[in-house]
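Please keep the sequence and the three-dimensional view at hand while reading.

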Amino acid sequence: MAIEHIITRGGSFDSELSPPNHRDNGSTLTLIVKFHLYQLNPRGTDHRGSFNDSGNTYQIQRWDPGDWAVFRRRFDDTCERIWSRRLFLTPPATLPNLAELRAPGNDETTPFPYVTCALDVQVVDSLSESHVTIGCYYLAPDERHVFRSWIQRSSGRDRGRFCNRDFLSEPGFEGAVYQDFHTLAHEVGHILGLDHPVCPGNAMICYGAPGSPGYESVMGFGTNVLPAFAEPWRRRMGLHVGHSTNSGWTQSMTNPHYDAQATLDRLMGRAGPPRHPSCRPGMRPGPHLPP
């Protein structure tokens, strides 16, 4: 079966696999999630109102057009900067479609092919065009309760609630401030099919122990990615290459093109030694992004 380069309506997102380039047989698999965001304003023409959620009453106000435009723009920018092009997949040498992951004219003497995991978050105006629909509140400046934004993958197209403060550093469940935590990027991870690092659910144990890799990851309370978070891309590659088992793929935070020893080991059938999880020499494992 030939590789399929574009898959639409494949669940909660679309995807596109780029052709491999001649330089290093690198392809890019982009998961495309289309969000329809809509305003949840006070009733009628009121500027201020309230709503109830999880036992709390929250004060909200009407969205200002400028604030709404900034929210939409920063939503996709924040999610892509935290998620996109920080994870990599390397196919097994026994993949039936392995030759198609090599650029035309390249053979076994060229670098082993790999796939960069990219994310494209799009905010669309059309409900029918979207994968996910989210209602968005604007919390009043004097509202002191922390609203926990949420997404439920199983609740149909209208899948969750966001608020205007989701770009800000938030008080954690234990009162500490996790300055690198971004609710929106975390919730997009759930749309991709990821759970909290330890277990599903919202109990503190599910986020991992403070200071652990899971706790400091985007699916915990931080912005770091872990190799396991490449799983949504690995599963989608199974659809693109028509190989349902899709076993043997390596999920990594290291770009194989910049790891010559690992490339040589793969070509020789050896497993390379573990390396520090950096994108390439001289780069930090993951950026610490502003809110």
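A disulfide is a pair of cysteine sulfur atoms within 2.5 Å. The model shown here is predicted, so local features need pLDDT of at least 70 and side-chain atom pairs count only at pLDDT 80 or more, while totals for chains, interfaces and linings use all residues. Residues are numbered from 1 along each chain as its sequence is written, and side-chain values use heavy atoms, with hydrogens and water left out.

**Cysteines**

The structure contains one disulfide, which joins C199 to C206 with an S to S distance of 2.4 Å. The link of C199 and C206 is left-handed, with -90° about the S-S bond. Neither C136 nor C163 is in a disulfide: for C136 the nearest cysteine sulfur is that of C163, 8.9 Å away.

| Cysteine | Relative accessibility | Class |
|---|---|---|
| C199 | 23% | partly exposed |
| C206 | 3% | buried |
| C136 | 0% | buried |
| C163 | 1% | buried |

**Aromatic rings**

Rings of Phe, Tyr and Trp (its six-membered ring) pair if their centres lie within 6.5 Å; planes under 30 degrees apart count as stacked, over 60 as edge-to-face and the rest as tilted. A search of the whole structure finds 16 aromatic pairs. In one of them, the rings of W63 and Y138 have centres 5.1 Å apart and planes at 85°, so the pair is edge-to-face. Helices (H or I, at least four residues) and strands (E, at least two) are DSSP runs, numbered from the N terminus. Because W63 lies in the loop between strand 5 (56–61) and helix 1 (65–83), and Y138 in the loop between strand 8 (132–137) and strand 9 (150–151), the pair ties together parts that are 75 residues apart in sequence. Both W63 and Y138 are buried.

The rings of Y137 and F147, with centres 5.9 Å apart and planes at 85°, also form an edge-to-face pair. Y137 belongs to strand 8 and F147 to the loop between strand 8 and strand 9, ten residues apart, and both Y137 and F147 are buried. Ring pairs link Y137 and F147 with F51 and Y58 into a cluster.

**A buried serine**

S130 is found in the loop between strand 7 (114–123) and strand 8, and S130 is buried, with a relative accessible area of 0%. A polar atom of the S130 side chain lies 2.7 Å from the backbone oxygen of L127.

Terms used:
Buried < 20%, exposed > 50% of the residue type's maximum accessible area, 1.4 Å probe, protein only. Polar contact = N/O pair within 3.5 Å; in protein donor to acceptor, adjacent residues only side chain to side chain.
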